[in-house]
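Hi everyone, thanks for having me. Let's look at one structure together, and I'll walk you through a few spots in it.

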Amino acid sequence: MIVREIAPVFKVTGAGVQYHTIAWEIRLVRDYADMSRRAAEHVLEALRRRPDLLLGAVTGDSPREMYRRLARAWATSPRRFARLRVIAMDEWTGLPRGHEATCEAFVRKEIVGPLRVARSR
């Protein structure tokens, strides 16, 4: 089952506010493995279309298997990830920089390290 929703998006520019819409799809999947496989395939397809893709990385258990699948894809085709860029989308407050429970540490361990993303990216 696929549910499609159109959502308004506002973008502030130097010339004012631009308005456009984006389409969201909600897909029901069989299980966690199916979700992870589909999500990894989606990222790999986006990376194929745009080699310098900026991946907005979220943390936690939900995306973990997707990141592992991306790491396995890197092992078979590392050049595909040569220009990938990563930005962490969240962070805990109150933890010292470098603490193993930070989102930054998660991103380094689960994404940046396995995909060999240079610090500059």
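**A residue beside a pocket**

Alanine 39 counts as partly exposed, because its relative accessibility is 26%; buried means under 20% relative accessible area, exposed over 50%, and partly exposed in between, with a 1.4 Å probe and protein chains only. Please keep in mind that this is a predicted model, where local features need pLDDT of at least 70, side-chain atom pairs count only at pLDDT 80 or more, and totals for chains, interfaces and linings use all residues. Residues are numbered from 1 along each chain as its sequence is written, and side-chain values use heavy atoms, with hydrogens and water left out.

Where does alanine 39 lie? You'll find it in helix 1, residues 32-49; helices here are DSSP runs of H or I, at least four residues, and strands are runs of E, at least two, numbered from the N terminus. Along the sequence, alanine 39 and methionine 66 are 27 residues apart, yet their C-alpha atoms are 6.3 Å apart in space.

Now, which element gives the most to the lining of the largest pocket? That is helix 1, with seven residues. Strand 2 (16-27), strand 3 (54-57) and helix 2 (64-76) are also among the elements that each supply at least two.

Last stop: arginine 116, in the segment after helix 3 (103-112). With a relative accessible area of 51%, arginine 116 is exposed. Its phi is near 55 degrees, a positive value in a residue other than glycine. For context, most residues other than glycine have a negative phi.
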